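Okay, thanks for making time, everyone. Let me put the model up and walk you through a few spots.

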Amino acid sequence: MTVEPATPASEKVYPVPERLLAGGNVPKPWVSSFDEYKAKWEESVQNPTKFFGNLARELLSWSKPFETVTNGSFEQGDIAWFLEGELNVAFNCVDRHALANPDKIAIIHEGDEPENVRKITYRELLQQVSRVANVLKSLDVRKGDNVAIYMPMVPEAVFAMLACARIGAVHSVVFAGFSSDSLRDRINDAGARVVLTADEGRRGGKNIATKRIVDKALETAPTVEHVLVLRRTGSDVPFTAGRDLWWHDEMAKARPYCPPTSMNAEDPLFLLYTSGSTGTPKGVVHTTGGYLLGAAATVKYVFDYHEGDIHACMADVGWITGHTYIVYGPLALGATTVLFESTPTYPDPARFWNLVEKHKVTQFYTAPTAIRALRRLGDKWVQQADLSSLRVIGSVGEPINPEAWEWYNEQVGKGQCAVVDTYWQTETGSIIVTPLPGATATKPGSATFPFFGIQPVILDPVTGQELEGNDVTGVLAIKQPWPSMARSVYNNHYRYLDTYLKPYKGHYFTGDGATRDKDGYIWIRGRVDDVINVSGHRLSTAEIESALILHHSVVEAAVVGGNDELTGQCIHAYVTLKPNIDDAKDLDKELVLQVRKVIGPFAAPKKIYIVNDLPKTRSGKIMRRILRKIVNGEQDSLGDISTLADSSVVDHLIKCVHKV
Ligand code: WTA
């Protein structure tokens with residue numbers, strides 16, 4: 001495991017924009033100086049019981065108060081927060097706001113076509129969530145049962161998640177860009193009995209065959225008894241009598257109130273599958289109280305949420321960013337949240353900015369890959385819209401390069417907004433390293449400082465020793481548990497311990513490399529394990545390799561990440577073929593198709609190299625470092641290749657990749 005030495009990409013420092021602190025027509029930030037941040041952070045790590053006990057009472061409603069704030073350790077892997085406390089997440093995200101403020105808009109759904117806008121009040125949200133909850137009950141879904149959700153970005157997807165939370169069922173949302181094979185594996189791992197889906201999805205003016213993908217997945221998913229199908233486009237889709245039910249038929253029968261089930265703070269709220277270093281995706285388990293607190297606290301402090309704000313996170317609910325920053329965080333605070341069904345460039349590249357103007361968005365959150373793509377298409381698109389409602393603009397999913405950061409700040413924020421480069425992971429539940437809008441001077445490309453309760457440390461990757469002080473580079477780990485961290489891997493607690501808690505004893509290991517620069521700013525440098533990040537989508541090399549070797553011509557495959565200006569990283573695959581495969585003409589296309597089919601379109605390799613051999617050590621381990629350097633044009637600095645069983649393979653690989 002290596003982390004490249006520290007070379008912070010930019011030395012510019014941007015102070016907090018004056019507009020945020022000037023006391024004009026924008027609300028005063030919750031934390032309005034760096035000293036205030038530091039004092040609060042110190043308290044949060046030194047006395048988490050007091051800090052998070054107070055915060056949990058302030059931000060959440062408990063049906064039974066907790067007595068113990070935190071218990072357990074990284075050594076034991078038995079972390080628990082708010083142990084005796086009981087609460088219901090749907091009550092916190094819906095009922096309490098529906099009771100206090102029923103006509104407030106909870107969700108603004110901006111459909112695929114910009115003119116299709118649907119606004120849902122908290123009153124209506126309570127009825128809809130209740131109805132779906134009663135439908136689930138009628139299908140015999142009980143507390144603790146797993147429910148799979150494979151849906152387009154429509155309000156019903158949010159109703160479905162909250163309906164599960166309401167009755168204590170555990171949802172597993174599968175991103176609707178996953179293939180039927182991936183969906184099947186996730187359904188089977190969770191043993192889901194019910195799947196919620198739609199006839200079709202719609203994105204960028206195109207229909208997506210959602211129900212057909214589900215049907216294919218269910219051919220080999222024996223636990224599923226019922227499929228609830230939302231009519232989204234009205235196209236004719238196959239329907240299996242007895243198993244499949246129309247959403248609208250069942251909803252019409254259901255009562256529009258369902259009492260919330262009181263849950264223990266440590267009961268699971270959801271599973272979310274994510275890629276790791278090894279082949280099969282892990283069902284990351286998040287629990288009720290700690291997760292919701294992390295979600296609510298970060299919306300309040302990182303996005304500086306104030307009453308009346310319009311919060312717009314452009315992610316998909318199929319990823320953790322959508323869970324935490326479209327659904328649970330904003331709704332827990334009673335905010336108005338935007339649910340966006342389309343793409344940044346449909347019908348044209350002004351889509352995001354028109355959306356901001358139309359809905360008077362105050363917080364806008366997207367991924368560096370979208371920022372880079374829009375920057376490339378020119379400034380005229382962003383300049384035609386009135387973006388003056390914005391206060392905080394955020395970025396997540398991968399390191400943001402300084403050029404993209406500067407463009408975001410100037411063209412979108414007009415130098416008047418806080419830019420928050422937020423670092424976190426599916427496993428952390430909510431943001432863990434980030435600037436705070438009113439407190440932190442930012443450096444483009446740095447996620448800056450830890451959120452409350454987070455004690456990040458930089459470790460020597462080999463010895464595991466903590467690298468103290470500034471100007472150090474190593475792997476990023478966290479020293480002490482925080483409320484929203486994942487508690488387990490579904491049905492595989494050992495894997496949880498092995499992946500996160502055992503690599504560096506007494507720490508949570510993030511899998512990322514990081515630098516703490518001379519001023520103490522944290523710079524995330526990317527994954528140090530076999531995870532590739534393409535446009536913010538996390539993919540494991542092993543998963544893609546397994547997909548490739550399913551092809552009848554392939555013997556071996558090795559996948560590495562290449563640098564890509566637009567997507568951050570991209571997938572390069574080296575494959576060796578069985579003897580006597582003469583016609584390799586269209587093979588690369590077939591292999592790309594193969595990966596699309598097994599995982600999903602977003603996992604498609606950008607380049608496939610058909611090679612005679614792979615670089616292996618004498619013990620047979622593939623030296624990916626060499627493969628990675630070759631695709632990134634660094635073949636002149638391959639380092640030590642003397643451990644290779646056959647070093648002549650290197651010249652052959654360079655020829656194949658660079659055609660020299
Ligand atoms: C990367 C997404 C740099 C990182 C919320 C992490 C980032 C992985 C940033 C988690 C950031 C996320 N700067 N890198 N601001 N945010 N990452 O689980 O490598 O889909 O480990 O969660 O994305 O991806 P995941």
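**The ligand and its surroundings**

Quick word on ground rules. This is a predicted model, so local features need pLDDT of at least 70 and side-chain atom pairs count only at pLDDT 80 or more, while totals for chains, interfaces and linings use all residues. Residues are numbered from 1 along each chain as its sequence is written, and side-chain values use heavy atoms, with hydrogens and water left out.

How many residues surround the ligand? It's 17, and the closest are Asp-421, Thr-422, Thr-426, Asp-512 and Arg-538; near means a heavy atom within 4 Å. Helix H11 (320-332) and strand S25 (522-527) each give at least two shell residues. Those are DSSP runs numbered from the N terminus: helices are H or I, at least four residues, and strands are E, at least two.

**Helix packing**

Now, H11 also meets H4, residues 89-100: their axes come within 8 Å and cross at roughly 55°. Axes are lines fitted to C-alpha atoms over the stretch in contact, with angles from 0 to 180 degrees between N-to-C directions.

Most residues other than glycine have a negative phi, and most peptide bonds are trans. Asp-304, not a glycine, has a positive phi of about 50°; look in the loop between H10 (288-301) and S16 (310-313). And Tyr-346 and Pro-347 are joined by a cis peptide bond, omega about -5°.
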